[in-house]
Amino acid sequence: MPATQLGQLSPVAIAFFFAFIGVTLGITYWAARKTKTTSEFYAAGGGISGFQNGLALAGDFMSAASFLGIAHLVATGGYDGLIYSVGYLVGWPIVMFLIAEPLRNLGKYTFADVVAYRLRQRPVKTMAAIGSITTVIIYLTAQMVGAGTLIKLMFGLEYETALLGVGVLMIAYVLFGGMLATTWVQIIKAVLLIGGATVLTLLVLNHFGWSYGNLFSSVRALPNGQDLLTPGHYKVATSGFDLVSLSLGLMFGTAGLPHILMRFYTVPNAREARKSVFVATGFIGYFYILTFTIGYGAAALVPAKYMAKVVPGTPGMGNNVAAPLLAEILGGGPFLGFLCAVAFATILAVVAGLTLAGASAISHDLYAGVVKGGVSDEKSEVRVAKTATVVLGVIAVLFGLLFKEVNVAFMVGLAFAVAASANFPALLLSVFWRKFTTQAAVASMIVGLLSAVILIVLSPTVWTDVFKLTSTPPIPLKNPAIISMPLSFLTAFVVSLLTRDDKADAAFEEQQMRATFGG
Amino acid sequence: MQHPSGKGAPPDPELMALVKRKAALSRTLTLIMFCTYFGFVALLAFAPDVLSARVGAATLGIPVGIGLIVLAWVLTGIYVRWANGAYDEVVARLKSK
């Protein structure tokens, strides 16, 4: 393989990069004139179609970390990387069957609206907002660290410059264009990412004479070929039990991610909400199926020494480089440039969605719901939302700088675990369980949030890798969901049985009818 | 029909039957997804040899993984086809009654 152009600013990459920024800022300018009210800021006025929302959901969900990260995991660690490809997808049917319709029919702009529907507004909305903001900030920090590292790797920009650039752009999209601009950034990104991954897959298949037999034979012929094709070698988990825990967090985390849940308010009704989950599942599933070919293609074609850890004096370039190097080998410099621009677009679409979700939790749940008791005027709520957008953007950049060294995959895992343990149980039970009380909702969200965070601090990922402690970590699991999620449900049941909420009980029938048929 | 909130008039029995069918479908499909996925995870976690069986030049784990992704999509397809088709038609008919 000739010397790679990765890390140099190629003219093609710069052209795509500026084209993307130009188009998205143009859209933001257009969207800004249609973004005045709270409904327009949070939900694009509810005027997005099911198909558009499906694409936007895909753009909101598929992160650069999942694309480049999974391809790299498969190329270097083999089959176990694909556990993520399957795990990230299987949450979507859960969203469809249990969450999407009640969410759309009961809420206004955030999932906290749904949890608080028949419970007491102030305590429930406060806690749901804390769960949302925590999930958003952890996920946002992971994306920012990933963004800084990736942009440095791909364009050769300094980490700090890259972070600042991402921060300024994402604030601009959300601040001026609200949900409408965010939606279109996500749709464009989804099309670019799926298109780029498709071309890369076709190039791999073309190289192997359009035969998976040839591809897998080449992988099998590698020195570690047998290991690459069989599960159980790359340590995504410390034990079988831990693997089940990871899978639990992946499956139910999706149904508790505020930036995903929020997108269901952009469609006019439950019918379009269902359609959008079907479209999103199709596109995301298709994309994750491509990661199988891309990952194994990279294993077969990219020399392992380039994908090794960064050690001075060696050609290793660290995590995330498998797919870009594969693109360069098969498609040359221009295709590499295109793929770098796609990765950049991918990051921006996800961080914009996260920032908007965090800002909504602050302005809609905390300000309008808790401070103003549900009575606030449009103007001041939009003003709070916009201030929150800027504050969150600044926090994201600062945390990106502060947590530069922290492992990105671990933070994404933590975000999913918090979403699955703090947000999902309360959301599910508020919709389906008559006896669920205000106290139970608050307690289960606190327990879910704290247990997920504490367990991960006591786990090898923080105890050993972050704190560098030499003693055995108190918790042998890298993934907390198998403990924190049942703990949250258990708390909900016990507290519900110990307390009474007659108002919530009486409102259950009405809520159920509304959840099914809409208002 | 008034808004099916049950206020005043007793809820329409046909509507209630439909609501029950919808909940049953949701439960069944959720259960199918949960069991197949955690069946796969259990194999990965406790019997990885099963998925290491050779299939052509690849291993069984690869078609099974892709199969699960396709299954997830098909299940959402079954649901949306029924809910946006037959179910919505009946609801619309009952609402206009």
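Trainee: What should I know before I start?

Mentor: This is a predicted model, where local features need pLDDT of at least 70, side-chain atom pairs count only at pLDDT 80 or more, and totals for chains, interfaces and linings use all residues. Residues are numbered from 1 along each chain as its sequence is written, while chains are lettered from A and ligands numbered from 1 in the order in which they are written.

Trainee: What does pLDDT average in chain B?

Mentor: pLDDT is the predictor's confidence in each residue, from 0 to 100. Chain B averages 88, and 89% of its residues score at least 70. Over residues 1–8 of chain B, though, pLDDT stays under 50. Where pLDDT is low, the predicted coordinates should not be read in detail. The model as a whole scores ipTM 0.93 and pTM 0.95.

Trainee: How many helices and strands does chain B have?

Mentor: Helices (H or I, at least four residues) and strands (E, at least two) are DSSP runs, numbered from the N terminus. Chain B has 3 helices and 2 strands, and along the sequence they run α-α-β-β-α.

Trainee: How many residues does each chain bring to the contact between them?

Mentor: Two residues are in contact if their C-beta atoms, placed from the backbone, lie within 7 Å. Here chain B brings 37 residues and chain A brings 42. On chain B's side, helix 1 (13–46), helix 2 (48–51), strand 2 (58–59) and helix 3 (61–96) each supply at least two residues. Helix 3 of chain B gives the most, with 17 residues.

Trainee: What kinds of residues are on that side of chain B?

Mentor: We sort them like this: Ala, Val, Leu, Ile, Met, Phe, Trp, Tyr, Cys and Pro count as nonpolar, Asp, Glu, Lys and Arg as charged, and the others, Gly among them, as polar. Chain B's side divides into 24 nonpolar, 12 polar and 1 charged.

Trainee: Why does A:Cys340 count as buried?

Mentor: A residue is buried if 20 or more other C-beta atoms, placed from the backbone, lie within 10 Å of its own, exposed if 12 or fewer, and partly exposed in between. A:Cys340 counts as buried because it has 29 C-beta neighbours inside 10 Å. You'll find A:Cys340 in helix 15 of chain A. Leaving aside neighbours within four places in sequence, A:Cys340 contacts A:Ala13, A:Met154, A:Phe155 and A:Pro324. In chain B, buried residues make up 24% of the 97 residues.

Trainee: Which residues touch the most other members of the largest nonpolar core?

Mentor: A nonpolar core is a set of buried Ala, Val, Leu, Ile, Met, Phe, Trp, Tyr and Cys residues joined through C-beta atoms within 7 Å. In the largest one, with 237 residues, they are A:Val115, A:Leu326, A:Leu348 and A:Val351. Helix 15 (residues 322–371) of chain A supplies the largest share, 32 residues.

Trainee: Where does helix 6 of chain A bend?

Mentor: The bend at a residue is the angle between axes fitted to the seven residues ending there and the seven starting there. Helix 6 of chain A bends by about 55° at A:Ile99, and A:Pro102, a proline, follows within four residues. In helix 6 of chain A, 16 of 16 residues are buried.

Trainee: And where does helix 17 of chain A bend?

Mentor: Helix 17 of chain A bends by about 40° at A:Phe424, with the proline A:Pro425 following within four residues. Helix 17 of chain A is mostly covered too, as 22 of its 25 residues are buried.
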